[in-house]
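Subject: Structure handover

Hello,

Here is the structure I promised you. Please open it and keep it in view while you read my notes.

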Amino acid sequence: MELTKNKQMMLTGNKAAAWGARLAGVDYVPAFPITPQTEIVETLSQWFADGHMNGKFTNMDSEHSMFMAAGAAAATGVRVFTASSSQGILYGLEALQTIAGWRVPLVLVNVSRALATPITLEPDHNDVLSLRDTGILQLHAETCQEVLDYILMAYRIAEDPEVCLPVLVNLDGFYLSFTREPVILPDEAEVRKFLPLFKPSQPVFQASQPMARASAVFGGGNYSYFKIQHHLAAQNVLTIYKKVAQEFGERFGRFYDAVERYRLDDAEYVFVMSNSFATKGKAAVQHLRKNGIKAGLLKLSLLRPFPSEIIGEALDHRSKVAVIDQNLAPGMGGIIYPEILKAVYRREDRPEHLLSVIGGLGGRDIQEGDFISILQRLDQDPGDDPLFLFDEKDLKQFDQLRQIAGFSREARVS
Amino acid sequence: MTASILDSVEESKYKKVTDLNPQEEIAPGSALCAGCGGLEGMRLAMKVLGEDTLICNAAGCFTLISVYPFTPLKGSWLYTSMSGPVPAAQGARDALDIRMAKHGLDQKENMQVMVVAGDGATYDMGLSPTSAAIHRNLDFIYFCYDNEAYGNTGFQQSGSSPLGSYTMTSPSTLDHPAGSERSKKDLFGIWMAHNPPYLATVSPREPIDLSNKFKKAKDMKGPRLFICLSPCPTGWGFDPKETHLIAKLAVDTGIFPIKEFVNGKVIHTKRPRKRLPVEKYLERQKRFKHLFEPERRDDIIAQIQNNVDTYWEQYDE
């Protein structure tokens, strides 16, 4: 298909991700398949094979190998894209942590899928949040359009000389990866103006510029120097993101803040959410508003660096806030909740009630009734314990399933 | 090949030590142990390969070759992780190819991409990525410095630790007198099963043989794989000045066969005429001391000898 002007197509989140890589003029894709990411690598493989994309697609032998190849290629001066999910992220974790420290720009997509054990397919965010502390930057998408747009923005951020870091774009498996939505494909020439072909800002491997990279460092002070550099580079993104998002908005008409404030202005109740389930949250907000309840939603898009200041500001004067974590750190609770606490703690006008909610694990739906129970809990003193979105209905279904297999209800492990 | 080309290949071969490149590609003064056989092997290899080389290094002893902000190499270096150097070589190779084909990078900027890894990373954790890279026909050189244990962590057992050797995790006890109870994995055989264009074993004690093998491999394409027996004074327990003697005894006893695999055939390039008994090699190293003291373990020594004899019987003329 020739791209001469903006076109709208019905695309799955996976196809939108592949289009993002194609429009970005990616040179190199090392790949390894995993459900629900496969459609991305299959699409890119086809495009390299039939000449729509120019460069190389390499089938790797594991995610660990894939991320290593991705990092080394970026260090050798090409624009790199790759994608994974869930167990693949965990298998590649050592490589991801390593290449983040190499300070190489590249973009990877994670299609969220809950982690084993038990092994499953539908999404939650324990996979992507296992990368929370790697220094890889993270953008979380709610829609297929955001997937594509964030990939283009991600390259600008990753390749900025003040950053030089991998950027991850997250989308939910199934809810987004396999859901078709109308997506505007920006004109390729316009994309090229926003994102010119890759010109590395650091020296890259080639014969005329020999160098040693990622050498061993001894002494805590010397080690700290590099780690603090990494932190400062990630912090730079708070400013750079704003600039990139502004330019993207002016060129393509879609403006993305680090967070989205959905009907927040006079909101009394606020749901803090991210990714595709934010759409469910927005629907709940609309419904509650129709019934005279002043609800709003704060959507987290830029997760790393964490925009504390922006979040703190957005939550000023909002009296009842529920942080809905679609993840679980057993023995602690929700992973994002303490980060939101940190963002509001020092503020004079911070929320009165900050409730931790854990829901959507393994793709468990979050329905209207769940939002109502959140409101009820917010009206009381929510306390420190998280509210689990797991009710009698879930338990009944679980028991029914076990009864089919011949277990009695009494035998259930409590 | 015509006779004249064969002649010129023969002509260009190194015949004596003074034929070798006098230039050093690795400066002295790294943090590696004195008498490291692996470093000597790599030093000789780099004399042939030259500075337009990117080394992707695995976690191991050679991590200490480049400690920030120093490097003894004229060429390039990328530290990866234990099982990371081969896929890193893939990424770098692919990137150079893309830049030359798509972005007009001058051919002069091309580099030989080379993996350097110890036996732990090679025989164990890195085996799967290497198998995949050979299968993909990755154009690279693999240099395994084989000191037959996890050396950098203080000498623990690896898939390369030979029968009867003591390591920190395979001690010799009353119940387990041999220490390491299994023979080393046949890495040469494993790699050979992938049918790479070139595969060889080399020894720092055979510099002419080593240099000729790297010279041959340098101009070939695809995976070119080297196993370099790397006597390790620290782990094996001998005086650093004896590295060459130990390396020589490994060859002369037939314990370490010097060979290559090319065009579907295995050729022994340095065949010991009359093999010395294995104990000549074993008795000089602390890691085999328990085979001689407090009492001589003729059973284990005989088993080691038998393994060597069985190997060579396959190739008896």
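First, two terms. Helices (H or I, at least four residues) and strands (E, at least two) are DSSP runs, numbered from the N terminus. Two strands pair if DSSP finds at least two bridges between them.

This is a predicted model: local features need pLDDT of at least 70, side-chain atom pairs count only at pLDDT 80 or more, and totals for chains, interfaces and linings use all residues. Residues are numbered from 1 along each chain as its sequence is written, while chains are lettered from A and ligands numbered from 1 in the order in which they are written.

**The sheet**

Nine strands make an open, mixed sheet. Its order is β9(A)-β2(B)-β1(B)-β3(B)-β4(B)-β6(B)-β5(B)-β7(B)-β8(B). β9 (212-213) of chain A and β8 (265-270) of chain B stand at the edges. Each has a single partner strand, so one side of each lacks a neighbour in the sheet.

Within chain B, β4 (residues 140-146) and β6 (residues 223-229) run parallel, paired over seven bridges. There, B:Phe143 has B:Phe226 in β6(B) as its bridge partner.

**Where the chains meet**

β9(A) and β2 (residues 76-79) of chain B are parallel and joined by two bridges. A:Ala212 sits opposite B:Trp77 in β2(B).

Contact here means C-beta atoms, placed from the backbone, within 7 Å. The contact takes 38 residues from chain A and 41 from chain B. On the chain A side, α3(A) gives the most, with nine residues.

Best wishes

Methods. Two residues are in contact if their C-beta atoms, placed from the backbone, lie within 7 Å.
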